[in-house]
Structure formats: C-alpha cells, structure tokens
Amino acid sequence: MRLVYWMTHRSFGKVPTSIQVVVARSPKIMGLAGAMGKYDKKGTHLGKELRYIINMVVSGTNGCGFCLDVGRTMAVKEGMNMGKLDALPAYRTSPLFSDKERAALSYVEEATLNKRVSDATFNELHRHYGDREIVEITILMAIQNFTNLTNIPLGIGSDGLCAIAQSRKI
C-alpha cells in the first residue's frame, strides 16, 4: 500500500480518498481497476474526448463528485477543452457538441437513469455509430456506473484534485 499511496500522491498531489477507503480495505480491487482503466484507454476505437465526456455525463447523472473531480483532473492533465466539459449539463443545446456526440450522451444518460433506453434513443445512436462502437460506449458507461456505485454509497466525494492539477499547470 505504501507504493500505491506514493504513486497516487505523486500523480494527484495527494492520496485520493477512494484509495484510502476502498483500496486500503480491498487491495485486489487494483487489478479490476487496472483492467477497467486499460479498456478505457486502449480497448476501444472511440476518441479520447468522447470517452471523457461519456464518463463525465454518467458521473454527473449519478452525482458522483469524486468521479467528476477525477475526470476533470485527468482532462486538465491531458490539456482537453475545459469549456466543453463545463458545457456538459447543456449538451443537448450547446453548439460545442455534434449530433453524434449528443446521440452518445443521450444514450448513456438515459441508460444510466433507466437501465434501458427507448427505441428512439437507440435508433439515433445507431444512426451515428456502428454495432462495435455502441457496445464500446455501453461498456464504458457500465464501467463508470460501477465506479460511481462504489464511491457514492461510501460517501466518497470530491477531493479537490482538479484544483491541485490546475495549480500544477500554472
């Protein structure tokens, strides 16, 4: 655990609460978390920005402050468009989002809320994405829901990691 604490402190500027609460009590979760992270980064054909905004919409829909904080932290580190992340609550009408992105975000939001989607939502998604991409979007959504449902019941909220990342960029 000392190595995990050192690595996360080095990466984030502090040891995140999820490491202190979850990993400290169930260290084998690191293997699962590593596999899910690897899938997110290298297991899909989806673009990095789409993966980020999917994760952020799922976390926002669920109200996972920790995951929103980590997502924004990683976006800062990756030099992503923070204005687009700020506009996520209005993705349906914001000119920053394409119809293709809106279709994916509507799908993950509806599925996160209802555990199923309407035919109209699925058909709009299928207009923009092939079967493989739809499965990848669905898996990313499921992974993010898993992470949210680990943090929220345990009371793990924002750690202020994004503010630390922004101060390191200056």
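This is a predicted model: local features need pLDDT of at least 70, side-chain atom pairs count only at pLDDT 80 or more; totals for chains, interfaces and linings use all residues.
Q: How are two packed helices described?

A: Two packed helices are described by the angle between their axes and by the distance separating those axes. Here, take helix 1 (residues 2-12) and helix 10 (residues 161-169): they pack at an angle of about 60°, and their axes are 9 Å apart. That makes helix 1 oblique to helix 10.

Q: Which residues of helix 1 and helix 10 meet?

A: On the helix 1 side, look for His-9, Arg-10, Ser-11 and Phe-12. They meet Leu-161, Ile-164 and Arg-168 in helix 10. Sorted by class, this contact has three nonpolar, two polar and two charged residues.

Q: Where do nonpolar side chains tend to be in soluble globular proteins?

A: In such proteins, nonpolar side chains tend to be buried together. In this model, the largest nonpolar core has 30 residues, and the members that touch the most others are Leu-88, Leu-105, Val-108 and Ile-137.

Q: Which helices each supply at least two residues of this core?

A: Helix 4 (48-62), helix 5 (65-78), helix 6 (82-86), helix 7 (99-114), helix 9 and helix 10 each do. The largest share, seven residues, comes from helix 4.

Q: What is Leu-105 in contact with, leaving aside its neighbours within four places in sequence?

A: With those neighbours set aside, Leu-105 is in contact with Ile-53, Ile-54, Val-57, Leu-88, Tyr-91 and Phe-97. There is also a second, separate core of eight residues, with Phe-12, Phe-66, Val-70 and Leu-161 among them.

Q: Is Thr-73 buried or exposed?

A: The idea is to compare a residue's relative accessible area with a cut-off: under 20% means buried. Thr-73, which is found in helix 5, has 1% relative accessibility and therefore counts as buried. Not counting residues up to four places away in sequence, Thr-73 touches Phe-12, Leu-161, Cys-162 and Ala-165.

Q: How many residues apart along the chain are Thr-73 and Ala-165?

A: They are 92 residues apart along the chain, yet 5.9 Å separates their C-alpha atoms.

Q: What about Asn-151: is it buried or exposed?

A: Asn-151 is buried, because its relative accessible area is 3%. Its place is in helix 9 (residues 131-151). Apart from residues up to four places away in sequence, Asn-151 touches Ser-18, Cys-64, Phe-66, Cys-67 and Ile-156.

Methods: Residues are numbered from 1 along each chain as its sequence is written. Side-chain values use heavy atoms; hydrogens and water are left out. Axes are lines fitted to C-alpha atoms, for helices over the stretch in contact, and angles run from 0 to 180 degrees between N-to-C directions. Helices (H or I, at least four residues) and strands (E, at least two) are DSSP runs, numbered from the N terminus. Angles under 35 degrees count as roughly parallel, over 145 as roughly antiparallel, 65 to 115 as roughly perpendicular and the rest as oblique. Contact means heavy atoms within 4.5 Å. Ala, Val, Leu, Ile, Met, Phe, Trp, Tyr, Cys and Pro count as nonpolar, Asp, Glu, Lys and Arg as charged, and the others, Gly among them, as polar. Buried means under 20% relative accessible area, exposed over 50%, partly exposed in between (1.4 Å probe, protein chains only). A nonpolar core is a set of buried Ala, Val, Leu, Ile, Met, Phe, Trp, Tyr and Cys residues joined through side-chain atoms within 4.5 Å.
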